Structure formats: C-alpha cells, structure tokens
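Visitor: Can you walk me through this one? I'd like the overall layout, then the core, then the charged pairs.

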Amino acid sequence: MRITVTLARQFGSGGSYLGQRLADALQIRCLDREIVSQAARELAVDEDEMAAREERGTPFWERMLRGITVGPPEALYHAPAVLSFSDREIFEAETGVMKTIAAREDCVIVGRIAAQVLPTHPGMVNVFLHAPLSFRVPRVMEYYHAPD
C-alpha cells in the first residue's frame, strides 16, 4: 500500500523539521522546498522569485487595484509590474508536482494544502502540527537569528 503523509502546520511549530524526521524514520521521500524547485523549473522561472511569491501571495487589494491605478494628469505614469507567472500558475505547478510524486512513491509532504489537493487513498494520513506561542516565538527567533 502506498503511503502519503501530509503535514500542515503553524508557522514556527517545527513542521519542516518534523516532516524530514518522519520521512527519515519511514525511509520515504520528504517533499518541502523540492516542490518549489521542481515547479519553478516547469514554469522556467527563478526559484527564489517563485519562493518569495509563493510565500507572500498577491494580496487581494493589490490584484484589484493593479488595473485601475490612475493618478492626476500631472502625475508620472508607472506601468504595473509585468509578472512572468501568476499565483494560479504557481498553485497549479506545485499541485502537479505533488500529485505526480505522490502517485509514484511513498512520501511526506510538508505544507501547500496537500491534504486538500491530493486524491485521498487508504494509505493517506493528514496531520496538522500546532504549538503554543511560548514554543513557536523562541524557535522562530533562533531560526532567523532575531535579536532578543
């Protein structure tokens, strides 16, 4: 039976760490940053740019106002930024990567709403990892080397 573990998590709860440890213990593949790498290759875009967009997303109001940014006649015109790929393309590319790999082999998938986009099967386990703020804040501060 094929095994698929999806791991959703709160920021700072250790989901990436736990996902990798679980995959190592089960001796199966862990998909996290690799999803972004493969999707970026498929879209022929810069991986770092895609990762930044994937994490940030495009805010609703930014999308709504993009086409109607008009100022007074004396204002300089600033053309909207031309993006080489859309949020939808990111979502579809990453979903495609997850579906392809999960259909072929056992894996742990960290984040990216995998539980909602992958087809369910008897060997699929969906986990949500959470932790109190008292755990997450110090962990994030240490990870990002934030000053006290």
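**Notes on the model**

Visitor: What am I looking at, and what is the mean pLDDT of the protein chain?

Guide: This is a predicted model. The mean pLDDT of the protein chain is 84, and 79% of the residues reach 70 or more.

Visitor: Where does pLDDT stay under 50?

Guide: Over residues 60-66, where the model has 6 contacts beyond four places in sequence. It also stays under 50 over residues 77-82, with 1 contact of that kind. Where pLDDT is low, the predicted coordinates should not be read in detail.

Visitor: OK. How many helices and strands are in the protein chain?

Guide: The protein chain has 7 helices and 4 strands. From the N terminus on, the order is β-α-β-α-α-α-α-β-α-β-α.

Visitor: And what share of the residues counts as buried?

Guide: 34% of the 148 residues. As for contacts between residues at least 6 apart in sequence, 73% of them join residues at least 24 apart.

Visitor: Now the inside. Which residues have the most contacts inside the largest nonpolar core?

Guide: L31, I35, M50, M98, I109 and L118, in a core of 19 residues. At least two residues of this core come from each of α2 (33-43), α5 (87-104), β3 (107-110) and α6 (114-117). The largest share is from α5, with 6 residues.

Visitor: Take I35. What does I35 touch beyond four places in sequence?

Guide: I35 touches E94, V97, M98, I109 and R112. Of these, M98 and I109 are also on the list of core residues with the most contacts.

Visitor: Which residues does the second, separate core include?

Guide: That core has 8 residues, including V5, L7, C30 and L129. In soluble globular proteins, nonpolar side chains tend to be buried together.

Visitor: What makes the nonpolar surface patch of about 200 Å²?

Guide: I3, L22 and L26 make that patch. L22 is in helix α1, residues 15-26.

Visitor: Switching to charges. How many salt bridges does a search of the whole structure find?

Guide: It finds 7. One of them joins E105 to R29, with the closest N and O atoms 2.8 Å apart. E105 sits in the loop between α5 and β3, and R29 in strand β2 (residues 29-31), so this pair links distant parts of the chain, 76 residues apart.

Visitor: Are E105 and R29 buried or partly exposed?

Guide: E105 is partly exposed at 26% relative accessibility. R29 is also partly exposed, with a relative accessible area of 24%.

Visitor: What about R112, which salt bridge is R112 in?

Guide: R112 pairs with D32, at 3.4 Å from N to O. D32 counts as buried, because its relative accessibility is 18% and buried means under 20%.

Visitor: And which residue does R33 form a salt bridge with?

Guide: R33 forms one with E47, the closest N and O atoms being 3.3 Å apart. R33 is in helix α2 and E47 in helix α3 (residues 47-56), 14 residues apart. R33 is partly exposed at 36% relative accessible area, and E47 is partly exposed at 27%.

Visitor: Last one, R139. Where is R139, and what is R139 in contact with?

Guide: R139 is in helix α7, residues 133-143. Leaving aside neighbours within four places in sequence, R139 is in contact with G12, G14 and Y17. The C-alpha atoms of R139 and F11 are separated by 9.9 Å, although these residues are 128 apart along the chain.

Visitor: Is R139 buried or partly exposed?

Guide: R139 is partly exposed, with a relative accessible area of 30%.

Technical notes
Residues numbered from 1 in each chain as written. Predicted model: local features only at pLDDT ≥ 70, side-chain atom pairs only at ≥ 80, totals over all residues. Heavy atoms only, no water. pLDDT = per-residue confidence, 0-100. Contact = heavy atoms within 4.5 Å. Patch = residues over 30% accessible without salt bridge, like charges linked within 9 Å, V, L, I, M, F, W, Y side chains within 5 Å. Areas by Shrake-Rupley, 256 points an atom, 1.4 Å probe, with all protein chains shown as cover. Salt bridge = Lys/Arg side-chain N within 4 Å of Asp/Glu carboxyl O. Core = buried A, V, L, I, M, F, W, Y, C linked by side-chain atoms within 4.5 Å. Buried < 20%, exposed > 50% of the residue type's maximum accessible area, 1.4 Å probe, protein only.
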